[in-house]
Amino acid sequence: MSGTGATSLAHTVLAMNRRTRSVFGVALLALAASTVSLHAAVDGLAIWLALPLGAAQAASVFLAGARPRTAIAVHHLALAGIALGTTATTYLWPVSVVSMIVLAALVTVLGAAGRTTAAAAAWASGTILLLGVVATTSLTGEAPPSWVSSIVVAGAVSAAAGGCAAVLRRLRDVRSEVEAARSDSAASRSELTGAQERARIAREMHDVVAHSMSLVHMRASSAQYRIDGLGDEVRAELDGIAEQARTALREMRTVLAVLHEDADADAVTAPQPGLAELPRLLADARRAGIAVEADLAPVSPAPSAMVQLALYRVTQESLSNVVRHAGDSTATIRLSCDDTTIVLRIHSTAPDEGSTAPTTSSSAPDVGGRGIRGMIDRMTAVGGSLDHGPDAGGYAVVATAPRDRTAPP
Amino acid sequence: MTIRVLVVDDQAMFRAGLVAILGAQPAIVIAGEAENGRVALDRARSLRPDVIVMDVRMPELDGIAATQALLDDPSITHRPQIIMLTTFDIDDYVFAALRAGASGFLLKDAAPTELTAAIRTIHEGDSLLSPRLTRRLIVEFAAAPRRTMADSTAIASLTDRERDVFVLVAAGLSNSEIGRRLFIAEQTTKTHVSRVLAKLGVRDRVQAVILAYESGVLVPGENATT
């Protein structure tokens, strides 16, 4: 996590705690007030005992989440003290009702906090404590039989409450784990797709080079058969060039083998496409229901195979986005050039929009998606650029590529 | 005896180079050229070449589709041997070329001597072109073995000697190597081989290898004869 992330997390915790803390504080005071006053008024506990013991009882419930063992200890000690110090006993309960309720609350809070062992321990030890009260009372006098049945009922209720709380807590934990796993998986999936797209681009570019190299090889190795009267030295030189070209191609094949993982079958039986194949793309788009207007100025001398391939792929990607998102649209393709730059502009509009209407997101390509990323990568790889955005009531993709000033006519 | 060759490639310069190299060889005569698969079909019909050297990647009709069409076309009676030119040497589309009926493949950057030798080898039919590579390709891409009724009958119809020869052909051995292995004369081997190919209903050694793996006669990894 970045530095700013850590600071903001700390702030969040403090802020949360401040709010939650005040809520807790109020609740704690309320519970403490109830326990103290009830112990003093109803149970006949001396006030100097009721105050600390009642407060401790209440506090233990609020401590339970953070420090379960301490909470249990504090609670049980307080409960024991209250039991010992209480003079008025009731027929039904071994200790006062409020104490039984607080014990149940403790077990439930521990369950809700996910501390299942502590919850079970609190329940068991609490029950034993209450049975202990019954036992000690029996030694000194008669312990009403209803006390034991009350303990059983109370024990059952608090076990149920604690159990439910624990289950709900577990459910919540599992759900957040699943969420985390899901977002992790989505993140790595998008990374993988990006990598695959880059590999595909690299493969196509290497392919163009390999193709040129095999032509170099053929020219060099066939020269002596096409041109008469070449001396021995020249022939040797040409053979050397051919040998060099073969080495380069061998190395190229190694690179391409690595990148070839997910090659689509028809990509390798058709030659790499260029500007001459654009009309066929446009025809496909028209068949898919898009009205296509094209203004493709001839570029002479023809740009390099790399540039042509990049422009073709940008057109292909843009048109398939239009087909995918807004079936009835109009697309306008314009290819133009000046001395230094070739510009390809693909503009799309949905049919019901006039030029004054705002862009509909339906005709824009997935901006964060691999489509746009791939297009940008391809154009920058040939020394050009790609711009995209809402424009004149629709969406425009503008690709530029530099003209090769050193290209032969 | 000269071998009549048809050269097919979409790049004019590449084609011109091939024509120049092969045309200069004493055993080879250039029957014609074509710039894509469709034109190649036409030329094959009219010129009746012995061997066609054809690029895989072409517009209109690519090399694999053209191979299939050439061998399926009933009007082409003089069945040519096809050598596919490819950029990669191990790939499922190279196997597709073999499956479609090509007798072998060559890398586009093969040296002139390799080109010439390949055409001679294919024409003579005594051995596989690049046996180790071809076998590796077939092992990797051949369909999972399942023996059809037709295959079983055909294989069962081979005599013991013919079956021995079949296994060795499928292992990629040349006729002379088979002869040495089985202690028989090369001419005898040649006769056995043609009978085996005829009985199995396959047109050449490559198809015999494919059949051997796809019918389970040979199992990948078991064979260490090469």
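**Entry 1: chain A at a glance**

I started with the surface of chain A, which comes to about 22400 Å² of accessible area, with 62% of it belonging to carbon and sulfur atoms. A reminder to myself before going on: this is a predicted model. I then looked up the make-up of the chain and found 10 helices and 5 strands in chain A. Of its 409 residues, 35% are buried. I also checked how the chain contacts itself: among contacts in chain A with a separation of 6 or more, 69% are between residues 24 or more positions apart.

**Entry 2: the sheet of chain A**

Next I traced the strands. In chain A, 5 strands form an open sheet in the order β1-β2-β3-β5-β4, and the pairing is mixed. I noted that β1 and β4 of chain A stand at the edges with a single partner strand each, so one side of each has no neighbour in the sheet. From one strand to the next, the twist averages 10 degrees.

β1(A) pairs with strand β2 (residues 330-337) of chain A in the parallel sense, over 6 bridges. Within that pair, I found E293(A) opposite T332(A) of β2(A). Helix α8 (residues 278-287) of chain A packs on the sheet here, touching β1 and β2 of chain A, and its direction makes about 165 degrees with that of β1(A). α9(A) packs on the sheet too, touching β2, β3 (341-349), β4 and β5 of chain A. The direction of α9(A) makes about 5 degrees with that of β3(A).

**Entry 3: the hairpin and a cis bond**

Strand β4 (residues 385-391) of chain A and strand β5 (residues 394-402) of chain A run antiparallel, joined by 7 bridges. I picked out P390(A), whose bridge partner in β5(A) is Y395(A). The hairpin of β4(A) and β5(A) has 2 residues between the strands, and A392(A) takes a positive phi near 45 degrees there.

While on backbone geometry, I recalled that most residues other than glycine have a negative phi, and that most peptide bonds are trans. With that in mind, I flagged the cis peptide bond that joins S300(A) and P301(A), with omega about 0 degrees. P301(A) sits in the loop between β1 (291-296) and α9 (305-325) of chain A.

**Entry 4: a nonpolar patch on chain A**

Which residues make the nonpolar surface patch of about 240 Å²? I found L131(A), V148(A) and V152(A).

**Entry 5**

I moved on to chain B, where 5 strands form an open sheet in the order β2-β1-β3-β4-β5, with parallel pairing. At the edges I found β2 (28-34) and β5 (104-107) of chain B; each has a single partner strand, so one side of each is left without a neighbour in the sheet. The twist averages 25 degrees from one strand to the next.

Strand β1 (residues 3-8) of chain B runs parallel to β2(B), and 6 bridges join the two. Here the bridge partner of V5(B) is I30(B) in β2(B). Helix α5 (residues 112-124) of chain B lies across β1, β2, β3 (51-55), β4 (81-86) and β5 of chain B, and runs at about 150 degrees to β4(B).

**Entry 6: two loops with positive phi**

I collected two loop residues of chain B. R48(B) has a phi near 50 degrees, a positive value in a residue other than glycine. It lies in the loop between α2 (37-47) and β3 of chain B. R48(B) counts as partly exposed, at 46% relative accessibility.

E60(B), also not a glycine, has a positive phi near 70 degrees. Its loop runs between β3 and α3 (63-72) of chain B. Is E60(B) buried or exposed? At 59% relative accessibility, E60(B) counts as exposed.

**Entry 7: a helix and its cover**

Last, I looked up helix α8 (residues 160-170) of chain B. Its buried residues are E162(B), V165(B), F166(B), L168(B), V169(B) and A170(B). The elements covering them include α6 (131-141), α9 (175-182), α10 (186-200) and α11 (205-214) of chain B. G172(B) follows α8(B), with a positive phi near 95 degrees.

Methods: Residues are numbered from 1 along each chain as its sequence is written. Chains are lettered from A and ligands numbered from 1 in the order in which they are written. This is a predicted model: local features need pLDDT of at least 70, side-chain atom pairs count only at pLDDT 80 or more; totals for chains, interfaces and linings use all residues. Side-chain values use heavy atoms; hydrogens and water are left out. Two strands pair if DSSP finds at least two bridges between them. Helices (H or I, at least four residues) and strands (E, at least two) are DSSP runs, numbered from the N terminus. Axes are lines fitted to C-alpha atoms, for helices over the stretch in contact, and angles run from 0 to 180 degrees between N-to-C directions. Contact means heavy atoms within 4.5 Å. Patches are made of residues with over 30% relative accessible area and no salt bridge: like charges are joined within 9 Å, nonpolar side chains (Val, Leu, Ile, Met, Phe, Trp, Tyr) within 5 Å. Accessible areas come from the Shrake-Rupley method with a 1.4 Å probe; for residues, only the protein chains shown count as cover. A salt bridge is a side-chain nitrogen of Lys or Arg within 4 Å of a carboxyl oxygen of Asp or Glu. Buried means under 20% relative accessible area, exposed over 50%, partly exposed in between (1.4 Å probe, protein chains only).
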